[in-house]
Amino acid sequence: MQWRRHSAGLFFSCVFVVSYFTNKFVLSVLKFTYPTLFQGWQTLIGAVLLLLSVKLGWVEMSRITRSAALSWLPASLLFVGNIYAGSRALSRIDIPFFFTLQNSSHVVSFIILKVFHKEKKHRLKLISVCLMLLSAINLPHYDPQFDSRGYLWAVAHLLCVGGYRVFQAHYRPPNLSDLEQQCINYLFSVLLLGMAAHPTGDLTAALEFPSLQSHTFHGGCCASALLGFLLLLATDRLKSGLSLEHVGVWIFLSKVTAMSLSPFIFDMNVNTPSLLCVLLSHAGEALLVYSDRESQT
């Protein structure tokens, strides 16, 4: 049993790292920066593969009622904002800096829960949130390749991630599993992003994309969609066998692995102050994971 849990965690980490690297390659190296199309493609393939897996009996998913789907739509809207803004930000920001900013989504969740739910928070959690906030505030001042638009999209991304986390924890319909939630997210994303492709100009611009006929581009897009679906299955498998606190540990280790390997894969420009921001933020995340574990004991 212990071996199976570790294998699920290792599989999740591998898929997590390769998925982020593939997305970064398509967005930053190939410069396919049309998120309505890129994310629309990923969610379309994700929806098709998920429904096909249910049909073949590989995964279990109950019939989604209309009332459950409608009650989940606010979360789906946040999900679309998450992937759209995240794609924009990742195309302009290095992976370690992206994760440092993304960690600030915990600050958003913390504030929402404090203001609207009056939740009492562990002192360690407060310290961890402050560390992540401090790192995110200082990072733009020290990033050698600071991109204002990239950071603005990162702010939109972390707001959506933080809001989604709270909605999932406190407002999710009791009869919706994680896979059913993601199925609604996929279908809503395909519809919304598909409708937005032409008004945003992404559809017209993509037709003039230099690498449109490149096999490397086709392979990257196919790999990103498949990896996104595998990451969903790996996450679901991880959650089914471990507590949320242990899932948090594996997510943290996966992010550290991705950040450690990214300088060997992509061109990066990092100085000492920006590196300290990254380290401080992830020290805060490690403290958050530890505080969640302590609060459950």
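The model is predicted; local features need pLDDT of at least 70, side-chain atom pairs count only at pLDDT 80 or more, and totals for chains, interfaces and linings use all residues. Residues are numbered from 1 along each chain as its sequence is written, and side-chain values use heavy atoms, without hydrogens and water.

Helices are DSSP runs (H or I, at least four residues), numbered from the N terminus. H11 covers residues 244-265. Its 22 residues should span 32 Å at 1.5 Å a residue, and the end C-alpha atoms lie 31 Å apart, which agrees. The expected span is 1.5 Å times one less than the number of residues.

A nonpolar core is a set of buried Ala, Val, Leu, Ile, Met, Phe, Trp, Tyr and Cys residues joined through side-chain atoms within 4.5 Å. The largest has 41 residues, and Phe 32, Ile 93 and Phe 99 have the most contacts inside it. Helices supplying at least two residues each include H1, H3, H10 and H11. H1 gives the largest share, 9 residues. Another core, of 13 residues, lies apart and includes Ala 75, Tyr 84, Ile 184 and Leu 193.

Leu 203 is found in helix H9 (residues 202-206). At 38% relative accessibility, Leu 203 counts as partly exposed, a class between buried and exposed (over 50%). Not counting residues up to four places away in sequence, Leu 203 touches Leu 37, Ala 197 and His 198, with contact meaning heavy atoms within 4.5 Å. Its C-alpha atom is separated by 8.0 Å from that of Tyr 34, 169 residues apart along the chain.

Terms used: Buried < 20%, exposed > 50% of the residue type's maximum accessible area, 1.4 Å probe, protein only.
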